[in-house]
Amino acid sequence: MLRIHAYDLDRLVPVASDLPVAVPAPVADGALAVSALPAEVPPTVVWYDLINPTPEEERTVGETLGIAVPSIDEMEDIELSARLYQEDGAEFMTMTVLTRPDAGTPRKVPVTFIVKGQVLVTVRHAEPRPFDAFLARARKPNGAGLHSASGELIMTGLVEAIIDRMADTLERLGTEIDQISQSIFSAKAAKADKKTRDLQELIREVGQKGEFITVVRESLVSVSRVVAYYAALDGVDRKLSKELRQRLKLLQRDATSLGDHSAFLSGKINFLLDATLGLINLEQNQIIKIFSVAAVVFLPPTLVASVYGMNFAYQPELQWHYGYPAAIGLMIVSMIMPYVYFKRKGWL
């Protein structure tokens, strides 16, 4: 699917692909070449949005702008040189974007930003919500803070929406991790087997949150690389506007702060995992301790019963009238003494 967006005064407007549109002309002697424009100037295209594009759509955009639109295999390449590069007078930047964070099964999808002159091209094989959120704002008068027909500013607006989405995701993850922490360290009494099952379930939840945070951190690293790469072009290959430089600095600070927060949550996840495993070990040790104490408590009575259960012809107490109750009493006393001793030592 190919969506074309044009800049009209202070907002973005959708343009049908079969309608005549104006592409910003190359700069000549410090001014735009406007002699070829008709009397009624059509809207200026600033953004080509390719969503699950067909080869024909990729070829159409590529021929229009004189670039080679990368394929999905090229977008998924993890090499730094393949994700950030310049070609045909355009900057190609691929970042990893988080999708479906609310479904509990987040996925990482590559999204490529291509900036050539004043035109932006985005190539994506998924539909992350930040794109829709940005479009909803950008179609309102001055909703996205666009003050010029610049694809660069649209790109920063999209990256800002992606970062905002990840900030909301991290905030929700932090709340869920706090709830898991309260469940782990709650003093609610429960049977040993039920408590162990609950802790095992919490381990699964902690593991899922840990995987979630890992995906978010990878996406944040990718966003930081793209922003840093584009900011480094200032004064080297092109001159960035003051507004664009300020936005890039703000995005870098936001990505860095979110990276620090995700690192904190990751550390908390590791702590909760260690704590949960420790509690499970304590519960299991408690059960083993009970069996050990029971064995020690019943050992003396067993010894007494073994002594008086021997089949010898001569036993002094064999004909004793009070022999049986005395043996029972000796067993009971031998059981009570270890128990009292363990209680005084604090082992029970």
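The model is predicted, so local features need pLDDT of at least 70 and side-chain atom pairs count only at pLDDT 80 or more, while totals for chains, interfaces and linings use all residues. Residues are numbered from 1 along each chain as its sequence is written, and side-chain values use heavy atoms, with hydrogens and water left out.

Take helix α7 (residues 242-308) and helix α8 (residues 323-345) to begin with: they pack at about 155°, axes 9 Å apart. Helices here are DSSP runs of H or I with at least four residues, strands are E runs of at least two, and both are numbered from the N terminus. Axes are lines fitted to C-alpha atoms, for helices over the stretch in contact, and angles run from 0 to 180 degrees between N-to-C directions. The pair is therefore roughly antiparallel (under 35 degrees is roughly parallel, over 145 roughly antiparallel, 65 to 115 roughly perpendicular, the rest oblique). Contact residues (heavy atoms within 4.5 Å) include V293, F298 and Y308 of α7 and A327, M331 and F342 of α8.

Helix α4 (residues 129-138) meets helix α5 (residues 151-185) at about 125°, with axes 8 Å apart. That makes α4 oblique to α5. Among the residues in contact are R129, F131 and R137 of α4, along with I154, G157 and R165 of α5.

As for the strands, β6 (residues 84-87) and β7 (residues 90-99) pair antiparallel over four bridges (pairing takes at least two DSSP bridges). E87 has A90 of β7 as its bridge partner. Two residues separate the strands of this hairpin, and D88 in the turn has a positive phi of about 55°.
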